[in-house]
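The sequence and the model are shown first.

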Amino acid sequence: AALKKSAVDYMHPEVGVTTTDATVFGRNYFNRASAPETEDTDEAEERALVLAEAAALKKSAVDYMHPEVGVTTTDATVFGRNYFNRPSAPETEEDEFADERAEIL
């Protein structure tokens, strides 16, 4: 019975601890109002850096997984040129037509 109670207590920490003894008490030294701040500036900067990096990785993952979204830019100097679908591009043959042409020649 004691082993089962210990297992239930371990598997369900949300239940909390109940006691009937008035002399049993505990003090939380970490969450009390007079506790000193535990995070210093170096840790805060590192946390901000890690969160920014995680956000950038998430954006890259979304861009990779959803190519249909497309690319948007606000910089007017950034441009790209499609050499295959422009009007002045030479006509390209399909493979079967190219093979047939090679057999004839």
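A salt bridge is counted here when a side-chain nitrogen of Lys or Arg lies within 4 Å of a carboxyl oxygen of Asp or Glu. By that criterion, the structure holds two salt bridges. The model is predicted, and its confidence is described next.

**Confidence**

The protein chain has an average pLDDT of 81, and 93% of the residues reach at least 70. Confidence is highest in helix H2 (residues 41-65), with a mean of 93, and lowest in helix H3 (residues 95-104), with a mean of 80. Where pLDDT is low, the predicted coordinates should not be read in detail.

**Overall build**

The protein chain contains three helices and zero strands, which gives the pattern α-α-α along the sequence. Its radius of gyration is 33 Å, whereas the globule rule gives 13 Å for 105 residues, so the protein chain is more spread out than a compact globule. The C-alpha trace spans about 100 × 45 × 20 Å along its principal axes. Buried residues account for 1% of the 105 residues. The accessible surface of the protein chain is about 11000 Å², and carbon and sulfur atoms contribute 59% of that area.

**The loop between H1 and H2**

Alanine 33 sits in the loop between helix H1 (2-11) and H2. Its relative accessible area is 87%; the cut-off for exposed is over 50%, so alanine 33 counts as exposed. From alanine 33 to glutamate 53 there are 20 residues in sequence, and the C-alpha to C-alpha distance is 33 Å.

**Charges and salt bridges**

The protein chain carries 10 positive and 22 negative charges, and the mean positions of the two sets are 11 Å apart. Side chains of opposite charge can pair when their charged atoms come close. The two salt bridges are listed below.

| Salt bridge | Closest N and O atoms |
|---|---|
| Lysine 5 – aspartate 9 | 3.0 Å |
| Lysine 59 – aspartate 63 | 3.0 Å |

Lysine 5 and aspartate 9 are both in helix H1, four residues apart, or about one turn of the helix. Lysine 5 is exposed at 53% relative accessible area, while aspartate 9 is partly exposed at 44%.

What separates lysine 59 and aspartate 63 in helix H2? They are four residues apart, which means about one helical turn lies between them. Lysine 59 has a relative accessibility of 53% and counts as exposed. Aspartate 63, at 42% relative accessible area, is partly exposed.

Technical notes:
Residues numbered from 1 in each chain as written. Heavy atoms only, no water. Helix = DSSP H or I, 4+ residues; strand = E, 2+ residues; numbered from the N terminus. Rg over C-alpha atoms; globule rule 2.2 N^0.38 Å. Buried < 20%, exposed > 50% of the residue type's maximum accessible area, 1.4 Å probe, protein only. Areas by Shrake-Rupley, 256 points an atom, 1.4 Å probe, with all protein chains shown as cover. Lys, Arg positive; Asp, Glu negative; His and termini not counted. Charge placed at Lys NZ, Arg CZ, Asp CG, Glu CD. pLDDT = per-residue confidence, 0-100.
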